[in-house]
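Please look over the sequence and the 3D structure below.

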Amino acid sequence: MLLEVKNLDAGYGYLQILRSVSLNIDKGEYVGIVGPNGAGKSTTMKTIAGLIPPMGGSILFNGEDITGLVTSQITKKGISFVSEEMNLFVNMSVRENLLMGAYIIKDKKVRNDRLDFVFDLFPRLTERKDQLAGTMSGGERKMLAIGRGMMSDPKLLLVDEPSFGLAPQLTANVFESLDVLIKTGVTIMLVEQNVTKTLSVTDRGYILENGKIGMEGASCDLADDPYVRKVFLGV
Amino acid sequence: MSNKMVVNFTSWIKSAAGISITISILVAVFAAINSGPYLIVNTVVTGGMLALVATGLTLMLGVLNIAMFAHGEFFMIGSLTAYYVFTPISEFISENPESFVAVIGPLIAIVCAAIMGAISGVVAEKLVFGPLRKRSTDNWVMNSFLLTVGLSVLLVNLHQLIFGADFKGIVGYWSGMPISIADVFISRDRAMAFVISVVIVAMFWFFMTYTRTGMSIRAVSQDITGAQIVGIDIEKIVLLTISLACALSAVAGGSLLFMYPSYPTVGLEPLYLAWFVVILSGLGNILGAVAGAFMVALLKAITVEYIGAGWDFVIPSALIMLVLIFKPSGIFGSDVRGALDK
Ligand SMILES: Nc1ncnc2c1ncn2[C@@H]1O[C@H](COP(=O)(O)OP(=O)(O)O)[C@@H](O)[C@H]1O
Ligand SMILES: [Mg+2]
């Protein structure tokens, strides 16, 4: 088991959002978390990434307890978070952003190898490598955020709403690049509001509603489930 | 190729930065022709040192989100340290004028000032800002600002209590004939002060632009969550930034001891001037702060020369208000908004 989240409670200040969320991911799996707006999907990811301290429960990564560690330590363990807001360094060039993504890698040669890897993955970023991140289009920024997330050579990539605000063509591009990443052996946890799309690409899925896991199973089964079809797919 | 450069150059000249830098250079040249080159020498020496103080202020604002009003007190700490380190050294030099200490001694005093500045910065973070950050970051900008005002008052009074309110100054750091360039004579102290500021600004710029640590300081200033996500230890960067910022201010205080003797409120003038610079050049832009420092220094020198010594804060602040009306983001404010501009 790569990631094991057990009975996780989390929230903001006194406001509890997640109630006893349990989920797990095996190495190499592609897992989706879907659910309505405000269900707590981003909160789940932020808690795993260490941006929000958990109120209860535990998070194990590679069998090691990482509950309550700060983000920089969690990143060093091999978890990389690509947030919904992207959190790019807007006044830095594409290249600088990517190099910052490899901050935890001390070896310069390895850093440059990662840079080549990401530039291969997103040729578009190569064309724009000297452009400031803040002046790029929404789709390009998404690619940059995912690319930066990959720079640290993570074991687990957490991706929050990569298609948010993107045109259909760009959405397809982003999903394609995630497919490529899965083939390179990375484990991905994907959060999306686009339920149909997510369940069609992932191996397994969780349905999060009101801060609780409502359902879990193979993505194809979830997509055929009458409840899911009624509530999320409107059929 | 060259055509493109010409186009770039013309559009730069027409930008706010281009216009103001060009005007400044022209004004400097005319003033120098009109009343003598010493005006440029003064501008360049104070400008260089002001650049150090203003860069520190920019760092505090950009990375820590602190509107620092105690920055002048680190200037004061620098000048005080340099005074107490240099006094015994200068006695030794007067007995052994040929010794190499005559060359190295002043540098030792200035380096001690920097180290003391860095240490005081760390102490301030550990005792003042750190505890506030841990308690609550609600209303951070206002609360931390009030803390810096309190810190300033505290340090000024501590100086007075422990070291007294008299002027603690030196005759000069480097003795010897003034350096002459063309027909202009520049005292060695002034020349060295300028060299020191240029070397430090250049090193600092290189550090911020190319080193991994410098880049992570910029990363924190642009997006703190992003910085955490890529694995940057925020606490470490905060500590490093505050010690750097305070060291920069203290170096200026130490280097200028021959012009500004140390006394409790010696830091007020550099503080105000540095704030003029930061407001004028736009928050959080290091190269802008350097250019802005020379502009403010020029403005001050010219005001003193042509209008009178009492006006040297009035005219610069009036001009800054005018600039802000037309370009609220400052002359060098960029089009890309960073975390500092929120
Ligand atoms: N910074 C915050 N402070 C307080 N409440 C928040 C914050 N961020 C999100 N919330 C609340 O937490 C709930 C879950 O949000 P989120 O995890 O972003 O949902 P999702 O990503 O599933 O749309 C929402 O009700 C939202 O209003
Ligand atoms: Mg969300």
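## A bridge between the chains

The side chains of A:Glu96 and B:Arg218 form a salt bridge, with N and O 3.0 Å apart. A salt bridge here is a side-chain nitrogen of Lys or Arg within 4 Å of a carboxyl oxygen of Asp or Glu. Between chain A and chain B the count is one salt bridge. Helix 2 (71-77) and helix 3 (94-101) of chain A each supply at least two residues of the side that touches chain B. Helix 2 of chain A gives the largest share of that side, four residues. Helices (H or I, at least four residues) and strands (E, at least two) are DSSP runs, numbered from the N terminus.

## About the model

This is a predicted model: local features need pLDDT of at least 70, side-chain atom pairs count only at pLDDT 80 or more, and totals for chains, interfaces and linings use all residues. Residues are numbered from 1 along each chain as its sequence is written, chains are lettered from A and ligands numbered from 1 in the order in which they are written, and side-chain values use heavy atoms, with hydrogens and water left out.

## The interface

In chain A, 24 residues are in contact (heavy atoms within 4.5 Å) with 22 residues of chain B. The area buried between the two chains is about 2100 Å², and carbon and sulfur atoms give 61% of it. Buried area is the accessible area (1.4 Å probe) that two parts lose on being put together, summed over both. A:Phe89, A:Asn91 and A:Tyr103 supply 30% of the area that chain A buries against chain B, more than any other three residues.

Seven residue pairs across the interface of chain A and chain B are in polar contact, both residues at pLDDT 80 or more. A polar contact is a pair of N or O atoms within 3.5 Å; within protein, one must be able to donate a hydrogen and the other to accept it, and residues adjacent in sequence count only if both atoms are side-chain atoms.

## The magnesium site

A:Ser42 (OG) and A:Glu84 (OE) coordinate the magnesium ion (ligand 2) at 2.0 to 2.6 Å. A:Ser42 lies in helix 1 (residues 41-49) of chain A and A:Glu84 in the loop between strand 6 (79-82) and helix 3, so the pair ties together parts 42 residues apart in sequence. Donors are N, O and S atoms within 2.8 Å of the metal (3.2 Å for Na, K and Ca); water is not among the atoms, so sites may look incomplete.

A:Ser42 is buried, at 17% relative accessible area. A:Glu84 is partly exposed, at 24%. Buried means under 20% relative accessible area, exposed over 50%, partly exposed in between (1.4 Å probe, protein chains only).

## Salt bridges within the chains

Over all chains, a search of the whole structure finds eleven salt bridges. One of them joins the side chains of A:Arg124 and A:Glu140 (2.8 Å, N to O). A:Arg124 lies in helix 5 (residues 123-127) and A:Glu140 in helix 6 (residues 138-150) of chain A, so the pair ties together parts 16 residues apart in sequence. A:Arg124 is partly exposed, at 35%, whereas A:Glu140 is buried, at 5%.

In chain B, B:Lys300 forms a salt bridge with B:Asp312, the closest N and O atoms being 2.9 Å apart. B:Lys300 lies in helix 12 (residues 286-306) and B:Asp312 in the loop between helix 12 and helix 13 (314-326), so the pair ties together parts twelve residues apart in sequence. Both residues, B:Lys300 and B:Asp312, are buried.
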